Protein chains: 2
Amino acid sequence: MPPSTHARHEKPAAASEAIEDYAKAIYTLSRRSGAPVGTSELAARLGVAPATATAMLKRLDGIGLVDHQPYHGVSLTPAGERVALEVIRHHRLLESYLSAALGMPWDRVHEEAEVLEHYISEELEELIAAKLGEPSHDPHGDPIPGPDLEFPEEAGSRPLEALEDGETATFTRVSDSDSQMLRYLAERGIRPGAHVMVKGRQPFGGPLFVEVDGAEHALGGELVRRMRVSAAEQAR
Amino acid sequence: MPPSTHARHEKPAAASEAIEDYAKAIYTLSRRSGAPVGTSELAARLGVAPATATAMLKRLDGIGLVDHQPYHGVSLTPAGERVALEVIRHHRLLESYLSAALGMPWDRVHEEAEVLEHYISEELEELIAAKLGEPSHDPHGDPIPGPDLEFPEEAGSRPLEALEDGETATFTRVSDSDSQMLRYLAERGIRPGAHVMVKGRQPFGGPLFVEVDGAEHALGGELVRRMRVSAAEQAR
DNA sequence: TCCTATCTTTAGGCTAATCTAAATTTGGAT
DNA sequence: ATCCAAATTTAGATTAGCCTAAAGATAGGA
């Protein structure tokens with residue numbers, strides 16, 4: 001039997017520095033909106049010409065890391081998201097370590113981590129994480145994905161469902177950053193950072209009636225369990 | 001004035017991983033003999049085809065890192081030697097650090113350092129060296145070039161000139177690894193590791209009469225000041 | 001001296017990642 | 001409903017590193 005082109009579900013064949021950078025950029029650019037990322041936006045972020053990004057996206061689509069709809073943007077596949085999260089974990093662990101263990105000044109750690117994130121082995125990643133005590137956040141307060149690539153639950157965050165009637169909070173994120181959910185919410189003007197207030201709910205597990213930035217929505221089911229909220233923030 | 005192709009004596013324009021590997025390989029291969037390195041020998045060391053090495057050597061010659069005499073081998077220029085020593089310093093500092101600070105097992109540090117040596121910044125290099133207390137040797141006992149890229153003087157080593165008449169010692173190296181000197185010596189069968197015995201000397205700063213592996217040589221001038229010897233070693 | 005085995009270089013090609021310039025598509029404004 | 005500006009893709013080229021196959025140089029032995 002000829003070896004499958006697809007390499008079914010094996011090791012994600014070490015991505016190059018460029019590939020990892022594209023995955024990371026697509027991840028962060030689509031994180032807020034949940035919507036696909038435009039080619040020019042991505043190219044600008046990476047400091048390359050738009051045509052370069054197009055070419056790379058075709059390649060990434062070919063190896064199954066992204067879903068590229070020509071003229072309509074790109075989004076990560078689950079495999080692509082794993083690449084992105086792995087790099088982000090490396091980056092934030094390195095920033096933490098360089099700052100904490102080596103006393104590297106704040107304004108330098110990012111630049112250094114930006115390079116090294118692509119080259120440390122999984123074993124070194126683990127040693128660094130262990131030395132730091134499996135930190136959940138980096139020195140900038142950004143959450144560090146765990147070894148399983150899941151983000152830590154935010155301290156003090158609860159599912160939207162857990163709010164009392166009349167209680168106010170800030171919508172922070174969807175717990176496993178499901179992009180379909182994020183897109184659905186974004187279409188209704190509900191974005192991370194939005195102020196929410198539970199006006200009431202239907203009994204027997206029915207929907208919550210939630211006021212978001214002045215507009216009322218009925219949200220229920222899986223959605224209100226995955227949406228995380230925390231105490232209302234001050235303007236930042 | 002058009003910008004010079006040569007970039008007179010500025011920063012040695014960050015070498016790629018491949019370039020650094022070639023420089024390091026040429027350095028270590030020519031270190032013992034002092035003679036130019038053959039293309040195949042180099043290619044084998046780097047795990048590339050000989051034709052690949054030829055092409056790279058032409059490029060390295062062009063940018064002034066090596067002196068490549070077609071069909072007669074290659075040697076490092078002073079600029080190339082700086083590249084090699086910088087990488088070796090990175091490598092040995094990393095090995096030391098990974099082992100001492102992160103408890104990485106011995107058999108893994110080499111592999112990890114082999115990659116990272118090309119990517120740490122000068123600033124991180126300095127932080128690591130400082131954290132380790134500016135070590136002069138790595139965990140394998142190999143000497144670490146200092147920030148000035150000079151190797152530390154070996155403890156207990158002296159210039160050949162300092163030996164008493166009749167004293168026996170082991171020739172270890174030429175103090176700044178001048179390849180012309182090494183070649184000159186190699187042509188006479190005098191190599192690092194050789195047992196030497198001073199049989200006598202001419203007065204008034206004249207040459208020393210030295211027996212090396214049975215043959216007698218008259219060595220003087222700069223040579224006997226640069227040649228370092230240490231207490232005779234046991235067979236290894 | 002000459003011949004051949006070995007080493008080295010040349011020739012021609014490939015992939016990854018980038019560029020510029022020229023199509024092409026899309027979607028909003030008239 | 002059409003058109004145009006902006007976004008995107010295609011086309012064609014470049015550079016770094018690598019490969020294989022073929023041609024050329026060197027040097028040691030007969």
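In the predicted model, strands β3(B) and β8 (residues 227-230) of chain B pair in the antiparallel sense, over two bridges. Within this pair, Arg158(B) lies opposite Val229(B) of β8(B). The pair belongs to an open sheet of six strands in chain B. The strand order is β3-β8-β4-β5-β6-β7, and the pairing is antiparallel. The edges are taken by β3 (158-159) and β7 (215-219) of chain B. Each edge strand has a single partner, so one side of each is left without a neighbour in the sheet.

Helix packing in chain B was examined next. Helix α4 (residues 78-102) of chain B packs against helix α6 (residues 122-132) of chain B at an angle of about 50°. Their axes are 10 Å apart. α4(B) and α6(B) are therefore oblique to each other. Their crossing is left-handed. On α4(B), the contact is made by His90(B), Leu93(B), Ser96(B), Tyr97(B), Ala100(B) and Ala101(B). On α6(B), Glu125(B), Ile128(B), Ala129(B), Lys131(B) and Leu132(B) take part. Seven residues of the contact of α4(B) with α6(B) are nonpolar, two are polar and two are charged.

α4(B) also packs against helix α5 (residues 106-116) of chain B. Here the axes come within 9 Å and cross at roughly 135°. That angle makes α4(B) oblique to α5(B). The crossing of α4(B) and α5(B) is right-handed. From α4(B), the residues involved are His91(B), Leu94(B), Glu95(B), Leu98(B) and Ser99(B). They meet Trp106(B), Val109(B), His110(B), Glu112(B), Ala113(B) and Leu116(B) of α5(B). The contact of α4(B) with α5(B) comprises six nonpolar, three polar and two charged residues.

The interface between the chains was then considered. In it, 13 residues of chain A are in contact with 13 residues of chain B. On the side of chain A that touches chain B, α5 (106-116) and α6 (122-132) of chain A each supply at least two residues. By type, the residues of this side of chain A divide into seven nonpolar, two polar and four charged.

The same surface serves both copies, and 100% of the contact residues of chain A recur in chain B.

Notes. Residues numbered from 1 in each chain as written. Chains lettered and ligands numbered in written order. Predicted model: local features only at pLDDT ≥ 70, side-chain atom pairs only at ≥ 80, totals over all residues. Axes fitted to C-alpha atoms, helices over the stretch in contact; angles between N-to-C directions. Helix = DSSP H or I, 4+ residues; strand = E, 2+ residues; numbered from the N terminus. Parallel < 35°, antiparallel > 145°, perpendicular 65-115°, else oblique. Left-handed = near helix turned anticlockwise from the far one by under 90°. Contact = placed C-beta atoms within 7 Å. Nonpolar A, V, L, I, M, F, W, Y, C, P; charged D, E, K, R; others polar. Pairing = 2+ DSSP bridges.
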